[in-house]
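I am opening my notebook on a new structure. I will jot down what I look up, one entry at a time.

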Amino acid sequence: MADYPGVKAARWLCYNFRSTSASREERVPFQERAAVLPHVPGMMRETSGNVVRVSSSIGSAFPLRLRPQGPLPADHPRTASLTVWVYAIAAAAVPLHFAFNGRYGYFRDELYYAACGQHLAWGYADQAPLVALVARLSRVLLGDSLFALRFFPALSAAAKIWLSGWIAKELGGQRFAQLLAALTVLFAPIYLTFDNFLSMNAFEPVFWMACVAILLRILNGGAQTLWLWFGLVAGLGILNKHSMLFFGSGIFVGLWLTPAREAFTKKWIWLAAALAGLLFLPNLLWEMRHGWPTIAVLQTVIGTKYSTVTPWQYVWQQSLLTNPLAAPLWLAGLWYLLGDSVGKKYAALGWAYCVLLAEMIALHGKIYYMAPAYPVLLAAGAVWLELRALPRTGDWLKPAVVAPLLVSGVIAAPLAMPILPIDWAVKYCRFWDVSAVKVENVPLADLPQLFADMYGWPEQVQGVAHVFNSLSSQERQRCALLAYNYGQAAAIDYFGGAYGLPPAISGHNQYGLWGPRGYSGDVVIAIGFTQSRLREIFQEVTPAARVTSRYAMPEEADLIIYLCRKPKRPLPEIWSNLRWLG
């Protein structure tokens with residue numbers, strides 16, 4: 001039989017497309033695939049941009065679903081399944097953190113979250129409520145130990161890595177892009193730090209990235225009902241840390257500045273916003289009822305406790321979060337989202353980053369407040385590298401990129417995690433001049449704040465217990481343990497049970513809201529205060545013990561414990577003078 005054009009076309013069609021019992025009209029995303037269709041009898045096509053609408057007049061007996069086969073255009077992102085390497089790297093991250101997160105000691109804020117976990121509420125003076133619930137759950141399920149408090153943060157490391165690979169996949173990345181995204185997140189110093197102790201910062205990137213993954217699925221043609229999942233995750237993210245609200249503002253502006261603004265014409269995005277608001281509502285009502293303490297804390301610490309840097313310093317210090325050698329990768333990712341012909345489909349994410357950066361600079365936020373945004377940019381940069389750079393350079397670029405990132409990640413790891421013996425850590429941190437970068441205006445000694453705040457707490461509790469047990473049984477029954485800051489108070493609450501100590505009281509942040517707990521102040525053991533300050537409150541102030549710790553923060557390294565009697569006024573009457581935020 002002669003190969004007439006129609007026969008050639010039909011043969012090509014059967015080879016390149018699969019037939020299924022689907023509708024008679026389908027979308028084929030490449031014009032090149034349909035160029036031959038006019039030669040097929042009974043087939044008609046109409047084009048719109050890069051979409052070809054194919055219809056059949058042959059009849060319902062021969063319905064076709066056209067699925068493209070063969071090579072794709074060079075600049076089109078391929079779809080791929082998630083490579084097994086992403087799962088492997090995510091799984092390896094958990095035992096990595098388990099291997100080292102039991103070293104040194106409890107971080108100040110971990111003890112505070114544990115204390116808040118004993119008083120579950122819809123809000124706290126300086127934090128959203130979820131981290132206290134996680135602390136309570138950790139202690140109930142796993143007991144009181146470093147491993148218990150740091151169990152869920154270690155799991156969050158796996159979630160970050162898995163989501164980074166998934167985001168790279170949604171952005172069009174194949175195996176190498178997914179692998180590179182996972183590796184850069186695994187070795188980024190800021191995530192090694194976040195995932196090694198309990199804080200809301202360990203979970204915050206997970207909520208941000210989960211929202212981004214859902215948004216990408218929607219932009220890639222997923223159902224609009226996925227917005228409800230976005231709202232659910234965003235609402236839980238707000239209950240983890242209020243900075244999720246900044247993320248939401250960035251996404252809103254990013255969508256509005258791009259063709260994705262079409263989402264605002266549909267009900268689902270508004271239902272998602274309502275769902276997030278409904279989840280946030282109990283915490284919002286708590287804030288209103290208590291006089292907006294979180295805002296008061298922020299107003300107090302910005303510019304005083306928090307270090308203030310210039311906009312340029314804030315921008316370049318962002319490179320320290322992910323590893324300076326990874327900075328070109330996430331900058332390429334920003335370009336991919338905003339300037340690349342393929343990546344600009346996801347430009348809403350690029351604009352969201354720019355909005356977030358501007359907000360944090362304007363509000364003088366800590367440099368690590370931007371940390372949750374970088375897994376997305378690292379994934380986008382990995383896709384750009386795979387799509388644009390590798391076709392020009394060849395595979396030699398892969399080890400040339402990966403090897404320096406791995407080596408520098410290993411070098412940075414002891415600065416982010418308690419890997420080295422403490423004496424070695426002091427020398428290592430001094431060699432890399434870690435103290436040159438400060439996020440808070442507090443004096444430092446041999447160790448950076450991250451490690452120094454893991455020392456001194458058991459010694460303080462032992463000193464308080466020594467003084468407490470020296471009292472008569474009658475005085476012990478009415479003795480209050482007054483701590484200057486929440487770290488000292490939370491340490492007493494966490495370790496004090498083993499010594500028979502009662503719960504501590506303090507005027508600092510959330511402890512201030514809990515009040516004097518019924519104590520009159522007749523007998524008080526005070527820690528962290530100056531003697532002159534205590535003499536303003538008590539007629540009798542006696543030094544009773546001294547506590548030192550070589551590696552603790554300077555403000556905690558050498559403390560005198562005072563025994564105080566004969567208050568000039570009862571504690572409940574002067575409690576407002578003892579309260580402070582910071």
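Which residue forms a salt bridge with arginine 108? I found aspartate 453, with the closest N and O atoms 3.0 Å apart. I count a salt bridge when a side-chain nitrogen of Lys or Arg is within 4 Å of a carboxyl oxygen of Asp or Glu.

**Ground rules.** I am working with a predicted model, in which local features need pLDDT of at least 70, side-chain atom pairs count only at pLDDT 80 or more, and totals for chains, interfaces and linings use all residues. I number residues from 1 along each chain as its sequence is written, and side-chain values use heavy atoms, with hydrogens and water left out.

**Back to the pair.** Helices are DSSP runs of H or I with at least four residues, strands are E runs of at least two, and both are numbered from the N terminus. I then checked burial: aspartate 453 is buried at 3% relative accessibility, and arginine 108 is buried at 7%. Buried means under 20% relative accessible area, exposed over 50%, and partly exposed in between (1.4 Å probe, protein chains only).

**Other salt bridges.** I noted 19 in the structure. Arginine 139 meets aspartate 144 at 2.6 Å, N to O. Arginine 139 counts as buried, at 18%. Lysine 266 pairs with glutamate 262, their closest N and O atoms being 3.3 Å apart. Lysine 266 is partly exposed, at 29%. I also traced one network: salt bridges with shared partners join Arg108, Asp453, Glu555 and Glu556.

**Strands.** I looked up what pairs with S8 (residues 558-567). Strand S6 (residues 523-527) does, antiparallel, over five bridges. Here valine 524 has cysteine 564 as its bridge partner. Strand S7 (residues 538-548) also runs antiparallel to S8, joined by nine bridges. On that side, threonine 542 stands opposite leucine 563. I call two strands paired if DSSP finds at least two bridges between them.

**Whole protein.** I listed 28 helices and eight strands. Of the 582 residues, 53% are buried. Among contacts (heavy atoms within 4.5 Å) with a separation of 6 or more, 75% join residues 24 or more positions apart.
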